[in-house]
Amino acid sequence: MVLPPKPESRPTPTLSSRPFSQVNVFSAQPVAGNPVAVVHRADGMDEAEMAAFARWTNLSETTFLLAPTDPAADYRLRIFTPGGELPFAGHPTLGSAHAWLAAGGRPASAGTVIQECAAGLITLRRDNAGRLAFAAPPLVRSGPVDSAAVELALAEVGLEPADLVDAAWVDNGPGWMGLLLRDAEAVLRARVDGVITADIGLVGPSSAGPADVEVRAFVPGADGPEDPVTGSLNAGLAQWLMGTGRMPGNYIASQGTALGRYGRVHLDRDPQDPGTVWVGGECVTVVEGTVHLPAG
């Protein structure tokens with residue numbers, strides 16, 4: 001009998017205990033929004049260790065709270081998907097700020113939190129209902145989408161040209177292409193049976209309140225094509241739709257319906273600064289404790 005070779009032995013790594021939170025974002029119902037894993041006091045972890053933990057959690061995003069390098073910031077955030085690092089993402093921004101505050105974080109300026117991330121400084125505050133909201137970052141790409149790209153995107157989500165009202169780039173980092181459809185029913189009818197080759201955001205007006213629009217987000221990759229509730233997409237869509245007069249300065253987006261979630265994203269144009277759109281939602285801590293990770 002031939003025995004298989006013994007696996008290569010590896011030294012046992014030195015572990016460090018770090019506080020951990022898992023936060024439900026964009027819904028007051030604890031498991032009805034979009035979860036983000038948050039590692040606190042992550043200074044000392046290198047990029048490979050962060051990426052490995054993000055692959056292990058297998059959530060759409062895992063974040064790491066660090067000391068800021070910019071004196072204007074209250075903390076620094078690194079955001080990882082199972083496939084790599086993002087410069088910015090909306091629901092991780094809200095969930096991480098919620099976790100930082102819940103753990104005793106104190107912003108330098110009362111009422112405002114400044115997050116440092118790869119996309120720059122992101123400002124957060126409480127809205128009139130007490131929800132955390134972030135100021136939508138500027139678009140890095142906007143304007144019309146090439147007709148061939150629109151045609152391909154519609155085919156990938158199983159829709160027809162007759163479903164489309166308009167298309168524009170609403171890219172604030174992740175690469176979103178926004179497709180405005182004729183109604184919420186067309187948004188909910190979308191289906192993905194094959195490969196998604198672009199970050200596609202669908203939005204359509206809803207006649208059934210309390211939400212004003214229905215939104216869905218489809219992304220490339222092997223982790224599932226649809227994101228439950230997406231802050232960055234809603235931020236870009238709001239800048240486009242408010243800027244073209246298609247939506248008022250305040251509206252509510254529903255997202256996650258097709259996945260059995262109950263996401264609500266609150267979009268508000270700042271009355272003192274009409275160029276700023278605030279993106280807000282409820283946050284609920286569902287899991288908190290300690291993780292044991294390599295010490296670096």
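This is a predicted model: local features need pLDDT of at least 70, side-chain atom pairs count only at pLDDT 80 or more; totals for chains, interfaces and linings use all residues.
**Helix α1 and A51**

Select residues 47-57, which form helix α1, and find A51 within that helix. Is A51 buried or exposed? A51 counts as buried, because its relative accessibility is 16% and the cut-off for buried is under 20%. F80 is 29 residues from A51 along the chain, yet the C-alpha atoms of the two are separated by 6.4 Å.

**The aromatic rings**

Show the side chains of Phe, Tyr and Trp next. The model has 6 aromatic pairs. One of them joins F53 and F64, with ring centres 6.4 Å apart and planes at 70°, an edge-to-face arrangement.

Move on to F88 and F134. This pair is also edge-to-face, with 5.5 Å from centre to centre and 70° between the planes. With a relative accessible area of 0%, F88 is buried. F134 is buried too, and its relative accessible area is 0%.

To see a cluster, select F20, F53, W56, F64 and F80 together; ring pairs link these residues.

**Two arginines over rings**

Select R125 and W278. The charged end of R125 sits over the ring of W278, at 3.9 Å from the ring centre. Then select R141 and W169. Here R141 lies over the face of W169, and the distance to the ring centre is 3.6 Å.

**Helix α5**

Finish with residues 231-243, the 13 residues of helix α5. From first C-alpha to last, α5 reaches 18 Å, close to the 18 Å expected at 1.5 Å a residue. How many residues of α5 are buried? The count is 12 of 13, so the helix is mostly covered. Among the buried residues are L233, L237, W240 and L241. Just after α5, look at G245, which takes a positive phi of about 80°.

Note on methods. Residues are numbered from 1 along each chain as its sequence is written. Side-chain values use heavy atoms; hydrogens and water are left out. Helices (H or I, at least four residues) and strands (E, at least two) are DSSP runs, numbered from the N terminus. Buried means under 20% relative accessible area, exposed over 50%, partly exposed in between (1.4 Å probe, protein chains only). The expected span of a helix is 1.5 Å times one less than its number of residues. Rings of Phe, Tyr and Trp (its six-membered ring) pair if their centres lie within 6.5 Å; planes under 30 degrees apart count as stacked, over 60 as edge-to-face and the rest as tilted. A charge sits over a ring if NZ of Lys or CZ of Arg is within 6 Å of the ring centre and within 35 degrees of the ring normal.
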